[in-house]
Each structure stands twice: as structure tokens, then as C-alpha cells.
Amino acid sequence: MKNIFKTILVAATLAVSLSMMAQEQDPQPFKRGLELVNFVPKGQWITGASVGYSLSEQDNYQFFVVEDLSGDSYSFKVSPMLMYAFQDDMAIGARLGYARTMNRLETGSVSINEDTNFGVDNLYSLSHNYSATAAFRNYISMGTSRRFAFFNEVQLTVGGGESKLCNGSGQQLTGTFERNYNVNLGVAPGVVMFLNNFTALEVNVGVLGIGYSETKSTTDQIYVSRRDSRSASLNLNLFSLSFGVAFYL
């Protein structure tokens with residue numbers, strides 16, 4: 001029995017000694033081995049713009065259930081940007097935007113079967129919108145590369161615009177005029193690739209956003225209506241993909 005108590009006492013003493021020795025040793029900090037570099041230094045100016053233009057014309061176009069489609073359309077969008085790096089890899093600035101869209105449909109019809117078909121003609125729409133955006137951007141380098149980097153941009157956008165829609169001709173002409181306002185808060189991550197020391201290509205896409213819009217419509221200068229909408233999204237929207245050229249000065 002005495003031998004058992006001695007064995008237990010020795011084991012307890014050894015365990016306490018080992019614990020005290022472990023506490024006396026300085027713990028080594030854990031490192032993941034990720035290497036980052038300063039991609040955009042403090043004090044650098046960032047300026048640039050994104051421009052988009054598309055044009056489409058149809059003459060007796062047919063596709064599936066769409067027949068005798070004739071008309072044309074175009075869209076134009078420009079968005080200049082100016083930012084300042086107030087800290088390494090952190091920048092703040094503003095972006096302005098203008099977009100104009102026109103669609104004109106001379107004739108067109110949808111034919112599903114012999115008993116289900118309808119047509120539209122003399123349809124015209126024109127809209128133009130303005131926006132101003134305050135943005136904060138944070139850069140994350142890809143390891144030690146100074147050519148490629150990720151960035152995350154937080155955007156607060158306030159905008160508005162006007163549009164008109166006309167349908168018919170002669171005594172059957174009817175039209176609607178709309179005025180809209182909107183506010184949006186979103187997060188748009190992206191990738192930047194430097195072509196040289198001062199010029200870079202940028203691609204970003206909206207992922208997270210909340211927004212509010214209000215529209216007032218006046219039809220034939222008589223009937224007035226209003227509508228508003230609220231939205232929230234958390235997804236990868238490839239239709240909001242934006243390309244641009246930036247200059248780092």
C-alpha cells in the first residue's frame with residue numbers, strides 16, 4: 001500500500017513540475033504564412049472612367065414566337081471617378097454617372113398559335129439618368145504581387161432621372177412622362193490589374209445591396225400616379241459587372 005501511495009505522489013509531483021515548466025516558456029505566436037505588400041501607397045490619387053455603348057437594329061426579325069420585329073435601340077453610359085489614398089491600401093472618393101437609353105419599335109408581333117397572337121407598333125421610349133456615388137475602397141494584394149490585387153468597395157449612391165414613353169400615332173397617340181429618384185447602399189468587390197506603373201484595368205461586381213426608389217408618372221398630362229420600391233439582395237449579380245480603366249498618379 002505504501003508503494004502505491006509513493007507512486008501516486010511521484011506522478012503528481014512530476015505532472016505539476018511539467019505544467020510549471022510549460023507555463024514558464026514563452027508561447028510562440030501562430031503565423032499563417034500569408035505575405036502582403038502595400039499595393040497603393042498613402043497619398044496616391046486614383047482617377048479613371050468606365051464607358052459603355054451598345055447599338056441594335058432589327059428589320060423584319062423573327063425568332064421563335066416573335067415575328068416581323070422592326071426597330072432600333074441604343075444605350076450609352078459613362079462614369080468618371082476620383083479617389084485619394086488617405087492610408088496605405090485605403091482610398092476614399094466619388095464617382096459620377098450618366099446613362100441614356102432609347103428604344104423604338106416600329107412593328108412587332110407575338111404569335112403563339114393560330115388563336116393566340118397580338119402585335120405592337122409605334123412604340124418609343126427614351127430615358128436618361130444621373131447619379132453621384134461616395135465610395136470607400138480597401139485593397140488586398142495577392143501575396144507579394146504588385147500587378148494583381150483584390151479590392152472591396154463600399155458605395156452610397158444617390159440618383160434620379162427622367163423618361164418618356166409614347167405609343168400609337170395620330171389621334172391614337174398616348175404618352176407617359178416619368179421622374180424617378182433612388183438611393184442605394186452596396187458592396188462591390190473586384191480585381192485590379194496593372195498594365196504599367198500608372199495604368200490599370202478594373203473589374204467589379206455588385207454582391208450586397210439595399211435600395212429605395214420612387215417614381216412619379218404623368219399620362220397624357222392628365223393622370224398622375226406614384227410608385228415606390230424597396231429592395232435588398234445578397235448574391236453575385238453578373239449583370240452588374242463593371243469594367244473600367246484607372247490611372248494611379
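User: Is W45 buried, exposed or partly exposed in this model?
Analyst: This is a predicted model, where local features need pLDDT of at least 70, side-chain atom pairs count only at pLDDT 80 or more, and totals for chains, interfaces and linings use all residues. Residues are numbered from 1 along each chain as its sequence is written, and side-chain values use heavy atoms, with hydrogens and water left out. Buried means under 20% relative accessible area and exposed over 50%, with partly exposed in between (1.4 Å probe, protein chains only). W45 comes in at 44% relative accessibility, so call W45 partly exposed.

User: How are the rings of W45 and Y84 arranged?
Analyst: Rings of Phe, Tyr and Trp (its six-membered ring) pair if their centres lie within 6.5 Å; planes under 30 degrees apart count as stacked, over 60 as edge-to-face and the rest as tilted. Here the centres are 4.8 Å apart and the planes sit at 50 degrees, so the W45 and Y84 pair is tilted.

User: How far apart in sequence are the parts that this pair ties together?
Analyst: Strands are DSSP runs (E, at least two residues), numbered from the N terminus. W45 lies in strand 1 (residues 45-63) and Y84 in strand 2, so the parts tied together are 39 residues apart.

User: Which residues do ring pairs link into a cluster, and which residue lies over the face of F151?
Analyst: The cluster joins F39, Y139, F151, F194 and Y248. A charge sits over a ring if NZ of Lys or CZ of Arg is within 6 Å of the ring centre and within 35 degrees of the ring normal. At 4.1 Å from the ring centre of F151, the residue over its face is R137.

How values were computed:
Helix = DSSP H or I, 4+ residues; strand = E, 2+ residues; numbered from the N terminus.
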